[in-house]
Amino acid sequence: MKYNFWSFRFWLHRSHLYITLGIFLFSFLVIYIPLNTSFFDPVTRAFEDFRLSDLFLRLSDRKSVPESNEIFVVDVTTIHNRRAIAEVIAKVADTSPKVIAVDIMFPDDDRSEDNLTLMETLDTIPVAIVAASEVSDDNSVLSSFFTPALPQLREGYTNTTMNNTYSKCLRTYTTTITNGDNTLRSFPLQIALAYQPGLRYETDAEKLINYSDVQICKVLPANIPFFADRFKGKIVVIGIASGKEDLHLTPVGDLSGPEIVALSTHTLIHHREIIEMPAWMGVVLGILLTYCFVVICSYLHIKHEKTDNIRITLAAILVTTLLVFINLIINHFFHYSISLIYAFTGIVLTGNALSFYVGWLLWLQEKKKLKHPKKTLYL
């Protein structure tokens, strides 16, 4: 029995529901369970680290992205002396920025004279200073400076996210973490609060960095005087912005730590973080889209009874391309990331699932075990 494509009887036919449920049951048994066992950990990490929005960021022209006029990075990669770092900080302070962020972790050694010069410089600067710190695995704070902290010095941990590893794509920043009875603020959050004291933010939150809004201007120490007008009243991050010492993989390629800190701060200040669809909504959306595609494939199968799966394959490619395009548009203009991994899985498996279901019906018909054959769509 064949129904009109636009009729409710066709769209709500139980065969479509059986095929859709079969697809997701197969996905759970063959894909989900293996990927959640230790043997498949490398594959699991690869799936977890994939975002469809990366395609847009990789294909977009980074040169066309405007430079931020609020946050700048001073690159001190070639400077390894604390006295020289102090001189750079003093030069930046002379331009009257609102916030100076020092994204440098100094090693604990005996260069006490240079360290004293650095601390004296920071003590005399009438600008808000934010320094980087780290949080170890046991939640102890490792300060940037191995001397008593200055009263006006703010510190924030630089672990962009406590879950990131160097082998994964760095996508997120955190706002705060709880360390015993204390709440520690992240480096980007401390910078943002120094720049905008009344800034609203979520505590204990992990947010996606917006890499597509702006790019960060990197300035060499020798060129600081030429940026005096642009630095005034703004944020200047000082750190290692070239070389491999502080390089991280991001959705837009390799970026330095100071650049990532600057982009995280920009995301915080302007509330431009990318909102990610909850996992349960991704599952629901996947089921709905798969069901709709099953209906489309059923129609193709019925209308072209003697054809093979070419039309279904072409339909899968067309629908997948359309979903990718819609996702990229929503991600770019509305800063919302749609989870389509379940939908793509269902669409890819629909052709085989339909063939299996029709074959099963034919087997039941041959064995004369098919109940109500006149109500069957495909025979």
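# Burial, contacts and helix packing in a predicted model

Met277 is buried, with a relative accessible area of 12%. The model discussed here is predicted.

User: Where does Met277 lie?

Analyst: Met277 is buried, because its relative accessible area of 12% is under the 20% cut-off. As for its place, Met277 lies in the loop between strand E14 (275–276) and H10.

User: Which residues is Met277 in contact with, leaving aside its neighbours within four places in sequence?

Analyst: Met277 and Ile338 are 61 residues apart in sequence, with a C-alpha to C-alpha separation of 5.4 Å. Ile338 is one of the contacts of Met277. The list, leaving aside neighbours within four places in sequence, is Gly282, Leu285, Tyr336, Ser337, Ile338 and Ser339.

User: How many helices and strands does the protein have?

Analyst: H10 and strand E14, on either side of the Met277 loop, belong to this count. The secondary structure comes to 12 helices and 15 strands.

User: Among contacts between residues at least 6 apart in sequence, what percentage join residues at least 24 apart?

Analyst: Met277 and Ile338 are 61 residues apart in sequence. For the protein, among contacts between residues at least 6 apart, the share joining residues at least 24 apart is 77%.

User: Are helices H10 and H11 roughly parallel or roughly antiparallel?

Analyst: H10 covers residues 279–303 and H11 covers residues 310–334. Their axes come within 10 Å and cross at roughly 150°. Because angles over 145 degrees count as roughly antiparallel, H10 and H11 are roughly antiparallel.

User: Is the crossing of H10 and H11 left-handed or right-handed?

Analyst: The axes of the two helices cross at roughly 150°. The handedness of this crossing is right-handed.

User: What is the orientation of H11 to H12, roughly parallel or roughly antiparallel?

Analyst: The axes of H11 and helix H12 (residues 341–366) come within 10 Å and cross at roughly 170°. Because that angle is over 145 degrees, H11 and H12 are roughly antiparallel.

User: What are the classes of the residues in the contact of H11 with H12?

Analyst: From H11, the residues are Ile312, Ala316, Val319, Thr320, Leu323 and Val324. From H12, they are Phe344, Ile347, Gly351 and Leu354. By class, the contact has 8 nonpolar, 2 polar and no charged residues.

User: Which side chain makes a polar contact with that of Thr174?

Analyst: Thr174 is in strand E6 (residues 172–174) and is buried, with a relative accessible area of 6%. The polar contact of its side chain has a length of 2.8 Å. The partner is Tyr157.

User: What separates the C-alpha atoms of Val219 and Asp75?

Analyst: Val219 is in strand E10 (residues 215–219) and is buried at 2% relative accessible area. Not counting residues up to four places away in sequence, Val219 touches Val73, Val74, Asp75, Ile224, Phe227 and Phe231. Val219 and Asp75 are 144 residues apart along the chain, and their C-alpha atoms are separated by 5.9 Å.

User: How many residues of helix H7 are buried?

Analyst: Of the 379 residues of the protein, 47% count as buried. H7 covers residues 187–195 and is mostly covered. Its buried residues include Phe187, Gln190 and Tyr195. The count for H7 is 9 of its 9 residues.

User: What is the phi of Ser96?

Analyst: Ser96 is found in the loop between helix H5 (82–94) and strand E2 (99–103). Ser96 is partly exposed, with a relative accessible area of 41%. Its phi is positive in a residue other than glycine, near 60°.

User: What is the phi of Asp204?

Analyst: Asp204 is found in the loop between H7 and strand E9 (206–208). Although Asp204 is not a glycine, its phi is positive, about 50°.

Conventions: Residues are numbered from 1 along each chain as its sequence is written. This is a predicted model: local features need pLDDT of at least 70, side-chain atom pairs count only at pLDDT 80 or more; totals for chains, interfaces and linings use all residues. Side-chain values use heavy atoms; hydrogens and water are left out. Axes are lines fitted to C-alpha atoms, for helices over the stretch in contact, and angles run from 0 to 180 degrees between N-to-C directions. Helices (H or I, at least four residues) and strands (E, at least two) are DSSP runs, numbered from the N terminus. Angles under 35 degrees count as roughly parallel, over 145 as roughly antiparallel, 65 to 115 as roughly perpendicular and the rest as oblique. A crossing is left-handed if the near helix is turned anticlockwise from the far one by less than a right angle, and right-handed if clockwise. Buried means under 20% relative accessible area, exposed over 50%, partly exposed in between (1.4 Å probe, protein chains only). A polar contact is a pair of N or O atoms within 3.5 Å; within protein, one must be able to donate a hydrogen and the other to accept it, and residues adjacent in sequence count only if both atoms are side-chain atoms. Contact means heavy atoms within 4.5 Å. Ala, Val, Leu, Ile, Met, Phe, Trp, Tyr, Cys and Pro count as nonpolar, Asp, Glu, Lys and Arg as charged, and the others, Gly among them, as polar.
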